[in-house]
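We will go from selection to selection, with a short note at each stop.

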Amino acid sequence: MNNSSPILVLAPMRGITTMHYRKAFIRHFQGLDIEMAPFIPTVSAERINPKLLKDVLPENNSGLPLIPQLIGNKADDFVQMAIALHDLGYNEINWNLGCPHKPIRKKRRGSGLLPYPDSVDAILDQVCDRSPCRISVKVRLGVSDPSELMALIPVLNKYPLSEVVIHPRTAEQMYDGTVDLDAFEDAYHNIDLPVCYNGDINDLSFFRALQSRFPEIDRFMLGRGLLTNPFLCEVIKSGDPKIENAIERIAAFHSDVLASYEAILHGDHPVLGKMKEFWTYQSTHLSNGRNMFKKLKKTQRLSTYKAIVAEFLADAEWMA
Ligand SMILES: Cc1cc2nc3c(=O)[nH]c(=O)nc-3n(C[C@H](O)[C@H](O)[C@H](O)COP(=O)(O)O)c2cc1C
């Protein structure tokens, strides 16, 4: 058994787990070990600039180890971006081979590359040879068919990848339906590289079931489960689902996230956009979260928003 102290990784979630969210999260919650940043599209060398890399500039980091993620299908661009990230101090970069969105897929980026092992091979050949950073990949089972990942595995096994993060859904599933743990198991047994499990870790009991089914896996990536329950890493690490002062801690976290968006976004509308997305997840475990979110969704003014949040949090209970 290798997983008595699992390594817990924050999943990249574009638009949500921004540097602002990540910094606030680390100030208020424990148990997370590593963060993976949302994807940055690869661009040619002359278009690489601090604005593009802003989310991963070291001065914006939360303090936890951060793995930047790139999405793209041009080896040269990838290598130039890897050099720029290495100059910022990074030693590992993740390549996104999992993004399920159709416009991205159609351009053979993200999960759109999964059915093309030869293309992946050609890119990894260049990137692993020329990148100053170690490379990991984040994959799904395939676009429509789990056998696509199985066909890609011999290619992945050829390279010294630091890790293969597997989210066991197909791209066509998007985030619906259930994760396919049998397909994950098949893939896991065929991969000769370190594997990180990702998908639907929403509570301690699912996490424990994963641990007992895959006792050698010691890396787990958490996305929506952690956004809805930011105490989840603490609960997993301690084994104790009881949380003291949960609502006060959520309120303090919320104030921090709100303050950082108010500081950088201009006008009520963009701040409200970010905060409504925040509550899409964060309201799930509040006893009055459903009603609160319904009211928040209609709000057009920040002052009304703040009043609603204060009113509902004053009455809320944390439903673990
Ligand atoms: C809104 C949203 C944005 C996401 N952005 C990214 C991303 O930038 N890079 C990536 O590899 N995966 C991204 N994902 C996928 C998550 O990292 C993760 O693989 C997925 O949510 C499954 O894990 P979970 O069940 O723990 O949430 C995103 C998912 C969502 C819902």
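**Stop 1: the barrel**

Start with the strands: 8 of them close into a barrel, in the order S1-S2-S3-S4-S5-S6-S7-S8, and the pairing is parallel. From one strand to the next, the twist averages 30 degrees; here axes are lines fitted to C-alpha atoms, for helices over the stretch in contact, and angles run from 0 to 180 degrees between N-to-C directions. Strands (E, at least two residues) and helices (H or I, at least four) are DSSP runs numbered from the N terminus, and two strands pair if DSSP finds at least two bridges between them.

Before you go on, note that this is a predicted model, in which local features need pLDDT of at least 70 and side-chain atom pairs count only at pLDDT 80 or more, while totals for chains, interfaces and linings use all residues. Residue numbers run from 1 along each chain as its sequence is written.

**Stop 2: strand S2 and its neighbours**

Select residues 34–41, which form S2, together with S1 at residues 7–10; the two pair in the parallel sense over 2 bridges. Valine 9 stands opposite isoleucine 34 of S2, and leucine 10 has glutamate 35 as its bridge partner there. Proline 41 has isoleucine 71 of S3 as its bridge partner.

**Stop 3: around the ligand**

Show the ligand and its shell of 22 residues, of which the closest are Ala11, Arg14, Pro38, Gly223 and Arg224. A residue is counted here if its C-beta atom, placed from the backbone, lies within 6 Å of the molecule. S2 and helix H8 (224–228) are the elements that give two or more residues to this shell. Colour the shell by class and you will find 10 nonpolar, 8 polar and 4 charged residues. Ala, Val, Leu, Ile, Met, Phe, Trp, Tyr, Cys and Pro count as nonpolar, Asp, Glu, Lys and Arg as charged, and the others, Gly among them, as polar.

**Stop 4: isoleucine 123**

Move to helix H4, residues 117–130, and pick isoleucine 123. Is this residue buried or exposed? Isoleucine 123 is buried, because 22 other C-beta atoms lie within 10 Å. Leaving out residues up to four places away in sequence, isoleucine 123 touches Asn73, Ala75 and Phe78; contact means C-beta atoms, placed from the backbone, within 7 Å.

**Stop 5**

Select H1, residues 19–28, whose buried residues are Met19, His20, Tyr21, Arg22, Ala24 and Phe25. Their cover includes S2 and helix H10 (246–264).

Finally, colour domain 1 (7–238) and domain 2 (246–315) separately; such bounds come from an automatic or database domain assignment. At their boundary, 13 residues of domain 1 are in contact with 13 residues of domain 2. On the domain 1 side, H1 gives the largest share, 5 residues.

Conventions. A residue is buried if 20 or more other C-beta atoms lie within 10 Å of its own, exposed if 12 or fewer, and partly exposed in between; C-beta atoms are placed from the backbone. Two residues are in contact if their C-beta atoms, placed from the backbone, lie within 7 Å.
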